[in-house]
Amino acid sequence: MKSIAVIPAERDVKLIEGEEPKLSSPSDVKLRMLEVGICGTDREICSFQYGTPPKGFDYLVIGHESLGEVAAVGPAVAGLKPGDLVVTMVRRPCLHEECVSCVSGRADFCYTGDFTERGIKGAHGFMADIVVDDERNMNLVPASLRDTAVLVEPLTIAEKALTQIWSMQGRLPWACPHSAAHGLGHCHRAVVLGAGPVGLLGAMALVRQGFDTYVYSRETAPNPKAAIAESIGAKYVSAETASVDQLAATVGNIDVVYEASGASRLSFEVIQRLGVNGIFVFTGVPGRKAPVSIDTDLVMRNVVLKNQAVFGSVNASRENFQDAIRDLVAFNELWPASVQALITGRYPLAAYHDLLLGRPTGIKNVLAFA
Ligand SMILES: [Zn+2]
Ligand SMILES: [Zn+2]
């Protein structure tokens, strides 16, 4: 069995031949991997910024954005059968009894930090011909998503953010009177920071919820990312041609900011323009750069005087995966070409080196297993 492994001690990334994993419990499911998406996290692991091999291994098989096909099931598996398409979740709970999040099935809110994540931290990932996991970590995907379900995992970031936005904004009268027919975001304005896959999938989720959605990103238009944003009814604004002040003047009251850029300086510039009763969600993890100065008095005044909420969000629950699958079906009905256009390349496993270590290109690149 082939897989892509990072060996931190040797600072090496290579294609290795290993033994196929076997069904080891009655509820295990064996998957033949179909596609694995490559993202910034994978690239960072491949530059040895983080990434932890499982106990007893000197290497970590990477990959966490996956689509597999069920090849075999254990005797206790009830909900999956050979041939089914499956997206497997990434994080596994810590084993501390006092972690109420993990104990309640919400490892995405783990308190201890001792969770594991397949392909990232303490557990092998999905860039492998064959993957075995427990049925409870898998999500059945309709056959119609065969070509796009690899986007489910990156979409879960927006789904978790939205779920939290609804609950936090529920503290105030927020929904407009006609939102029932138009989605919970109707008569609200959202700004997405960044036009990578997480940003564009987030924009799709926001547009579908009825938000008047703006995507603010570096590159000047026209470009393929701007084209996708516009094709779904969002407005693309380039940071090269419009300052944050100009963006804010165009949008009006910014009700939601969905940060998907990992750019902290830009984020704290935009936070200063967040509107009355606005909410700002961070999803990016910036690299550590030199400190920058921000007007903390202004930010704090606004947060208080405008009743603002600012929060960060990582990982996703099973419910968020289910929401992502449902939304992806809807996106494919609304904007089939735009969803397809997010996947800018499919490559064989052997092309891993340039994809993981070369210059980033395109939007979402995918390893497709033969
Ligand atoms: Zn990812
Ligand atoms: Zn925990």
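A search of the whole structure, which is a predicted model, finds one disulfide, a term that here stands for a pair of cysteine sulfur atoms within 2.5 Å. The bond is formed by Cys176 and Cys187, whose sulfur atoms lie 2.2 Å apart. It links distant parts of the chain, since Cys176 sits in the loop between helix H3 (152–169) and helix H4 (179–182), while Cys187 sits in the loop between H4 and E12, 11 residues apart. Helices (H or I, at least four residues) and strands (E, at least two) are DSSP runs, numbered from the N terminus. Cys176 counts as buried because its relative accessibility is 9%, whereas Cys187, at 44%, counts as partly exposed; buried means under 20% relative accessible area, exposed over 50%, and partly exposed in between, with a 1.4 Å probe and protein chains only.

Residues are numbered from 1 along each chain as its sequence is written, and chains are lettered from A and ligands numbered from 1 in the order in which they are written. In this predicted model, local features need pLDDT of at least 70, side-chain atom pairs count only at pLDDT 80 or more, and totals for chains, interfaces and linings use all residues, while side-chain values use heavy atoms, with hydrogens and water left out.

Cys94 lies in the loop between strand E7 (91–92) and helix H2 (100–103), and Cys110 in the loop between H2 and strand E8 (116–118), so the pair ties together parts that are 16 residues apart in sequence. Both Cys94 and Cys110 are buried.

Helix H7 (residues 244–251) has Val244, Leu247, Ala248 and Val251 as its buried residues. They are on the same side of H7 because they cover an arc of only 95 degrees around the axis, taken from the directions from the helix axis to the C-beta atoms. The face turned away from this buried side carries the exposed residues Ala249 and Thr250.
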